[in-house]
Amino acid sequence: MKLHNIPTRLATGAFILNSGLNKWNLDEESAAGLQGMAAGTYPFLKDLEPATFGKALSVGEIATGALLLAPFVPARVAGLALTAFSGGLVGIYLKTPGMREEGSLAPTQDGTALAKDVWMLGIGASLLMQGSGKGSKSSK
């Protein structure tokens, strides 16, 4: 892990890991609410039981957070995981009614919690674009 990656990987990884750990024991109602919002954008999620969805979301967040925090995981791998994860969240923000101001990308009060995921998408994309290391011009 390069020194300049530590702040973004530590902050983002700790945030996502904590979120995943907090979702591990979601009650049925909370899991169903999250699933309903996600299924509005990704219809295949409707077929899951809410408890299964909650566990899967928790495991996904824990895995993504752990990849970001692990110093032996290359920036591109961590960036790929973060970009995929946050890209899914940004998709929900963009497609869920009431999250954005009419005709705009600006969030409504309700959409602010999801709109912040664009920061994670930017961090993931930055990590993903880094060079692989050995002899790569972009790694210098």
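**View 1. Salt bridges in the predicted model.** The count comes to two salt bridges, a salt bridge being a side-chain nitrogen of Lys or Arg within 4 Å of a carboxyl oxygen of Asp or Glu. Side chains of opposite charge can pair when their charged atoms come close. This is a predicted model, where local features need pLDDT of at least 70 and side-chain atom pairs count only at pLDDT 80 or more, while totals for chains, interfaces and linings use all residues. Residues are numbered from 1 along each chain as its sequence is written, and side-chain values use heavy atoms, with hydrogens and water left out.

**View 2. K23 and E61.** Which residue forms a salt bridge with K23? The partner is E61, and the closest N and O atoms are 3.2 Å apart. K23 lies in helix α1 and E61 in helix α3, so the pair ties together parts that are 38 residues apart in sequence. Helices (H or I, at least four residues) and strands (E, at least two) are DSSP runs, numbered from the N terminus. K23 is buried at 15% relative accessible area. E61 is buried too, at 5% relative accessibility. Buried means under 20% relative accessible area, exposed over 50%, and partly exposed in between (1.4 Å probe, protein chains only).

**View 3. K116 and D117.** K116 counts as partly exposed, with 35% relative accessibility. D117 is buried, with a relative accessible area of 2%.

**View 4. The largest pocket.** About 590 Å³ of space lies in this pocket. Among its 26 lining residues, the closest to the centre are L57, E61, F85, L89 and I92. Rolling a probe the size of a water molecule over the atoms shows where empty space is left. On a 1 Å grid over the protein atoms alone, a pocket is an open set of points where a 1.4 Å probe fits, with protein on both sides within 12 Å along at least five of seven lines; lining residues have an atom within 4 Å of a point. Grid points are joined across faces, edges and corners, and a volume is the space filled by probe spheres set on the points.

**View 5. The pocket lining.** Helices α1 (6-23), α2 (28-41), α3 (50-69), α4 (75-95), α5 (112-115) and α6 (117-128) each supply at least two lining residues. The lining holds 19 nonpolar, three polar and four charged residues. Ala, Val, Leu, Ile, Met, Phe, Trp, Tyr, Cys and Pro count as nonpolar, Asp, Glu, Lys and Arg as charged, and the others, Gly among them, as polar.

**View 6. A nonpolar surface patch.** M1, L3, I6 and L10 make a patch of about 400 Å². Its residues have over 30% relative accessible area and no salt bridge, and nonpolar side chains (Val, Leu, Ile, Met, Phe, Trp, Tyr) are joined within 5 Å. Areas come from the Shrake-Rupley method with a 1.4 Å probe. L3 is found in the segment before α1. L3 counts as exposed, at 70% relative accessibility.

View 7. E28 lies in helix α2 and is partly exposed at 47% relative accessibility. E28 and E49 are 21 residues apart in sequence and 9.4 Å apart in space, C-alpha to C-alpha. T64 is found in helix α3 and is buried at 7% relative accessibility.

Terms used:
Patches are made of residues with over 30% relative accessible area and no salt bridge: like charges are joined within 9 Å, nonpolar side chains (Val, Leu, Ile, Met, Phe, Trp, Tyr) within 5 Å.
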